[in-house]
Amino acid sequence: MLRNVEHAMEALEPKRDTLTIQRWRSETLQALAKIDGFQSEQQRQAAIVSRDLWAALTYLLPELATDGDSGWKRLHETVTTPAVRLATNMRFSTSCYRIIAHLPRNSSSSPGHSNSNAIYHPDIQRYTILDVATQKVLRQDSVLKVAEDGRIGEHFMVVQPLLLRMQRDSQGGIALCKPTVAVKLDEPMAKKAKGVRALGALSSWFGGEQEPARS
């Protein structure tokens, strides 16, 4: 609803400048959001989103189904409701924001690969990468099996989208947060080894040749 109102404002004649539209939009949408009917409808639609999202997650990860109704309710409280609150506040702002809920197809740090779902080691700097198996965030010093082309796993889903604040009279935007990506690693993470000798023995996990242990 808020988006439809915003688009209708932009189409009005005579055309207003961008800043005038943004201020007008902010004040109008804040007034609309205070209407009881709007708030109840927003809550109803948010609950539908939570149920649908939980159904999709339990299909992909059947072990979650054991949580029953408490699962989607917990998802609703911890994920959907804060997301709705954030989206609403973004609409109220005089700034323009853009949410990118998928990884750009040309964003791979290893161009020329046909598998667009592949995740490569340099992507650790570009995204927040969550290992599906361990639910741990990958770090630059995580002990990972790296293929010759740099691949470490496959993109499973975007948990948190990229958020941009668009600059006025410009095509570009400022990234406010990196996307969080759930990834299925090709090989499980190894435990961090202590000492230089142990790291040398595990060098193949960083894409190098494994050296024989020295006595």
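Colleague: Is T88 buried or exposed?

Modeller: T88 is buried, at a relative accessible area of 12%; buried means under 20%, exposed over 50% and partly exposed in between, with a 1.4 Å probe and protein chains only. Bear in mind that this is a predicted model, where local features need pLDDT of at least 70, side-chain atom pairs count only at pLDDT 80 or more, and totals for chains, interfaces and linings use all residues. Residues are numbered from 1 along each chain as its sequence is written, and side-chain values use heavy atoms, leaving out hydrogens and water.

Colleague: Ok, which helix is T88 in?

Modeller: Helix 4, residues 69-92. Helices here are DSSP runs of H or I with at least four residues, strands are E runs of at least two, and numbering starts at the N terminus.

Colleague: And what lies 2.8 Å from a polar atom of the T88 side chain?

Modeller: The backbone oxygen of V84.

Colleague: Switching topic: how many residues are in the largest nonpolar core?

Modeller: It has 13 residues, and I129, L138, L144 and I152 have the most contacts inside it. Such a core is a set of buried Ala, Val, Leu, Ile, Met, Phe, Trp, Tyr and Cys residues joined through side-chain atoms within 4.5 Å.

Colleague: Which strand gives the largest share of this core?

Modeller: Strand 7, with three residues.

Colleague: What does L138 touch?

Modeller: Leaving aside residues up to four places away in sequence, L138 touches I124, I129, D131, L144, I152, L185 and M189, counting heavy atoms within 4.5 Å as contact.

Methods. A polar contact is a pair of N or O atoms within 3.5 Å; within protein, one must be able to donate a hydrogen and the other to accept it, and residues adjacent in sequence count only if both atoms are side-chain atoms.
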